[in-house]
Amino acid sequence: MMKTIKYALYILLLCALTGACISEFNAKLPDGEIDILVVEGNIISDSIMEFAFSKSFSLSEEVPPLDYSNVRVTLRLIGSDGYQSEPASYVGNGIHRLYIKQLDANTAYGIEFEYNGETYRSELTKPLKTPEIDEVSFVQPEEYKEVSIRVSSHDNTPGHCYFMWTYTEDWEIAAHSYTTAYFDTNTNKYQLAPYPLTYYCWKNYSGREIMIGSTEKLTENSITNHTLLKYSPTSDRFSELYSILVKQQSISKAAYEYYLDKLKDNEGMGGLFTPQPSETVGNISCISTPSKRVIGYVGVVQNVATSRLYITRAEITVPSTRSNCLMIDGDSLATLTEKFSPLELYKMGLRPLDYDPYLAGLLSMTQVECVDCTYNGGTKNKPDFWPNNHK
């Protein structure tokens with residue numbers, strides 16, 4: 001009997017619509033099959049899509065090998081009508097960028113690529129049309145409790161519908177204290193700005209989870225208030241203004257089952273009944289050597305539906321929190337300024353809180369984290385679509 005060992009397959013999952021993310025398989029594979037090729041990406045009409053290629057490696061590796069995603073292939077879009085695109089461009093780290101033309105609804109498409117002398121191809125399928133999102137909403141059932149982000153959608157075509165969702169979040173945060181004073185490291189002097197330079201900041205996150213849903217067990221071909229995310233109201237997402245852009249893509253039943261198995265793999269890491277990759281190989285095969293394993297699923301869609309939701313701080317109940325910020329003024333401030341220079345105070349993490357450039361000079365100071373939102377992970381990169389005029 002062939003000896004088997006346990007491997008983890010670290011996969012750069014493009015999640016169909018967003019940047020790459022890392023998923024993980026738990027599998028028992030023959031000794032000689034460590035370097036199984038892993039492919040992730042989807043074909044979306046009239047777009048530039050990224051496809052990620054990587055290789056499996058042993059679970060005994062504490063960190064991924066340096067070359068596990070160093071996979072370069074010759075990749076093309078192909079059609080059942082004989083169409084072949086120009087080769088994809090290689091971006092690096094296993095990522096290939098491919099231009100997808102406007103797809104013909106009556107033509108089946110897939111990808112074909114060459115790697116190490118072998119030719120691989122995804123199953124050719126006709127593009128699915130994605131219905132619009134009915135609504136992205138939120139609910140906080142109890143005061144000061146979790147906030148749930150939900151999506152609703154339906155499909156008027158016959159049969160059950162299957163969806164995949166991805167998302168991008170942007171949110172505004174604010175420092176604890178408002179000040180227009182700052183220390184100018186070029187002049188080593190305190191200055192005043194026309195507005196608080198570091199009071200408002202923004203954060204951004206692109207989801208890496210697999211989010212799927214179907215109407216198989218529902219009486220109607222619609223999904224209502226399907227929960228995508230849950231957050232504590234104390235999350236800084238709700239400190240000022242929060243926005244989420246949800247992207248919806250129709251997927252086939254086979255794709256739904258593939259991603260469902262991946263979710264089970266992740267939840268049951270090491271479990272006795274964890275599905276093996278032999279059961280979850282996807283729709284890509286090696287046509288030059290059919291016995292060679294490859295893992296991945298490439299879907300084909302005409303369009304992606306999007307919907308954006310905003311949540312203001314006033315729309316939810318947020319528990320009150322105590323600040324650890326200190327105000328240094330009076331005799332304490334005088335002692336500090338006599339002993340240390342402004343530059344030394346700056347390097348100690350102290351910032352001006354109140355400053356009168358004409359009469360009294362520096363009146364109070366506090367910790368940097370209390371007046372500088374960038375200290376708490378924010379940036380001054382305000383999204384172009386942001387609805388308020390904060391700077």
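## Terms and model

Buried means under 20% relative accessible area, exposed over 50%, and partly exposed in between (1.4 Å probe, protein chains only). This is a predicted model: local features need pLDDT of at least 70, side-chain atom pairs count only at pLDDT 80 or more, and totals for chains, interfaces and linings use all residues. Residues are numbered from 1 along each chain as its sequence is written, and side-chain values use heavy atoms, with hydrogens and water left out.

## Disulfides

A disulfide here is a pair of cysteine sulfur atoms within 2.5 Å. By this rule there are 2 disulfides. Counting bonded cysteines along the chain, the pattern is 1-4, 2-3.

Cys201 and Cys373 form a disulfide with sulfur atoms 1.9 Å apart. At 65 degrees about the S-S bond, this link is right-handed. The pair links distant parts of the chain, 172 residues apart: Cys201 is in strand S17 (residues 200-206), Cys373 in the segment after helix H4 (368-371). Helices (H or I, at least four residues) and strands (E, at least two) are DSSP runs, numbered from the N terminus. Cys201 is buried at 0%, and Cys373 is buried at 1%.

Cys325 and Cys370 form a disulfide with sulfur atoms 2.0 Å apart. The torsion about their S-S bond is about -105 degrees, so the disulfide is left-handed. Cys325 is partly exposed at 26% relative accessibility. Cys370 is buried at 1%.

## Ser122

Ser122 sits in strand S11 (residues 118-122). Ser122 is buried, with a relative accessible area of 2%. A polar atom of the Ser122 side chain lies 2.9 Å from the backbone nitrogen of Ile111.

Conventions
Polar contact = N/O pair within 3.5 Å; in protein donor to acceptor, adjacent residues only side chain to side chain.
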